[in-house]
Amino acid sequence: MTNNDAVTTLKQAVAVSPDNVPLRIHLANTLHGLSRYEEAQKEFSTALALAPDDKQVKAGLASTFYQMGKYMQALVIVEDLVSSADAPPAARLLHARILLGDGKVEQAVREYKRAIEADPSLADESLSDRLGVAASAGGDVVDGRVRAHTEAGGDYDPDIERSKTKFSDVGGMDDVKNQIRMKIIYPITNPDVYKAYGKKTGGGILMYGPPGCGKTHLARATAGEINAGFISVGINEVLDCWIGGSERNLHDIFDSARRNTPIVLFFDEVDALAASRKDLRNSNGKNVINQFLAELDGVDTNNEGVLILAATNAPWHLDSAFRRPGRFDRIIFVPPPDKPARTEILRIMLQGKPTENIDYEYLAKKTENFSGADLSSLVDHTLEKKIEQAMKDGKPKPVTTKDLEAHLKEVKPSTLEWFATAKNYALYSNEGGAYDEIRKYLKL
Ligand code: ADP
């Protein structure tokens, strides 16, 4: 019997007993094995509706999503699976792959080791190579890059940027700009007014939303707006696998900020802190988050002039401790730019470039669901092509609406995938109304 015959037979059998879960799993696995992922997804999804708690079904569906390039969807399921101690080892292996793809090497190493400890047959040479671990479960091998970073470490000395970016370089985001003005800028420029009203200053603003929608850009512009220094820290860079290492790195960063006020201290990927609390097997994750909160609270120190902004694309991993007053008491949803914002962003991006009668309104209409980063890549593509053309023709020609429109099909809006994930959280784990903003945006 050929593979296709096998599928046909299985499909017929499933048609006869549609509620037979093991049979449907068998069909789904066969389809998966034949790289017929769309059909596999359909079968796994139906099986999941019949057996919502079946871990093998969830693991199969996650693997299918992963193979289809739907990493966010895969991640949601895998995270649910690995949160229990008896997660299928294959789910841990998949988690390791996703973490590695996301640059979270240290966590990927941990997850990979747990997977092959539970099922040595899962050892994968090429993945072990990329992680820098031995392909077997034994030994105490640590990822090469993590070790190198730690050994080179000592004092963590962050770069201090002098940002020239201003609020006027950021299109849209009016609500966030306003909140930053009220909470971060005015207390510095008009301290007396705040004192007169007995308003305490301090605390940070945390922005969340799909990637590429201007969170980092706006943080940088906040520094430029008030001529403050700017330190940008990716939390994953700070996390260190040696006990105490991450805490020291965090302390060094805050210390450096305190010595260089006024300064905007921007933390990207803050969700990684909370994830570390759950993930770290040697349980130093809790210390890391406590250290971060203590630094944020300015325990034993003075954070005056240190303005704290943070961002995450994965708010669902945040620790509730972040929301307490005096910490990130403003948590703001940063949606993709709406039509007026897209018009403004395109104008900003083409400012000072040779253009001719660009119909910004029209282009904004055509770029629904585009992030700022997507718009930036649209403009970049177009400019590159214009330069190429100018080299050929020997003379530059201005960019037109048509030029930009011609490149629209090369750039796919990147925010939809994020919303597919966010929707699940907004529907199924909206405790305390944490995702009300997302529900409102999606009109759920
Ligand atoms: P995030 O931090 O939300 O993932 P970024 O701020 O890094 O996104 O955005 C990526 C790039 O996209 C920025 O460097 C900038 O060039 C462009 N961009 C995004 N949003 C805007 C915006 N609102 N105005 C102007 N440019 C933007």
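1. Let me start with Asp-393 and Lys-397, which form a salt bridge whose closest N and O atoms are 3.8 Å apart. That distance counts because the cut-off for a salt bridge is within 4 Å. Both partners are partly exposed: Asp-393 has a relative accessible area of 38%, and Lys-397 has 48%. Please keep in mind that this is a predicted model.

2. Another bridge joins the side chains of Lys-386 and Asp-403, at 2.9 Å from N to O. Here distant parts of the chain are linked, with Lys-386 in helix α19 (residues 372-393) and Asp-403 in helix α20 (residues 401-406), 17 residues apart. Asp-403 counts as buried, at 18% relative accessibility.

3. Do have a look at Glu-43 and Arg-24 too, whose side chains meet in a salt bridge of 2.8 Å, N to O. Glu-43 belongs to helix α3 (residues 37-50) and Arg-24 to helix α2 (residues 21-33), so this pair ties together parts that are 19 residues apart in sequence. Are these two residues buried or exposed? Both Glu-43 and Arg-24 are buried.

4. Turning to the aromatic side chains, a search of the whole structure gives 16 pairs. One of them is Phe-267 with Phe-292, an edge-to-face pair at 5.0 Å centre to centre with 85° between the planes. Phe-267 sits in strand β4 (residues 263-268) and Phe-292 in helix α16 (residues 285-297), so the contact ties together parts 25 residues apart in sequence. Phe-267 is buried, at 0% relative accessible area, and Phe-292 is likewise buried at 0%.

5. Phe-333 and Phe-419 also pair edge-to-face, with centres 6.4 Å apart and 90° between the planes. This pair links distant parts of the chain, Phe-333 in strand β6 (residues 330-333) and Phe-419 in helix α21 (residues 415-428), 86 residues apart. Phe-333 counts as buried at 8% relative accessibility, as does Phe-419 at 7%. Both rings also belong to one aromatic cluster, together with Tyr-208, Trp-316, Trp-418, Tyr-425, Tyr-435 and Tyr-441.

6. Finally, the surface: Asp-174, Asp-175, Asp-338, Glu-344, Asp-436 and Glu-437 form a negative patch. Which helices each supply at least two of its residues? They are α10 (174-189) and α22 (436-442). Asp-175, found in helix α10, is partly exposed with a relative accessible area of 48%.

Methods. Residues are numbered from 1 along each chain as its sequence is written. This is a predicted model: local features need pLDDT of at least 70, side-chain atom pairs count only at pLDDT 80 or more; totals for chains, interfaces and linings use all residues. Side-chain values use heavy atoms; hydrogens and water are left out. Patches are made of residues with over 30% relative accessible area and no salt bridge: like charges are joined within 9 Å, nonpolar side chains (Val, Leu, Ile, Met, Phe, Trp, Tyr) within 5 Å. Accessible areas come from the Shrake-Rupley method with a 1.4 Å probe; for residues, only the protein chains shown count as cover. Lys and Arg count as positive and Asp and Glu as negative; His and the chain ends are not counted. The place of a charge is taken as NZ of Lys, CZ of Arg, CG of Asp or CD of Glu. Helices (H or I, at least four residues) and strands (E, at least two) are DSSP runs, numbered from the N terminus. Buried means under 20% relative accessible area, exposed over 50%, partly exposed in between (1.4 Å probe, protein chains only). Rings of Phe, Tyr and Trp (its six-membered ring) pair if their centres lie within 6.5 Å; planes under 30 degrees apart count as stacked, over 60 as edge-to-face and the rest as tilted.
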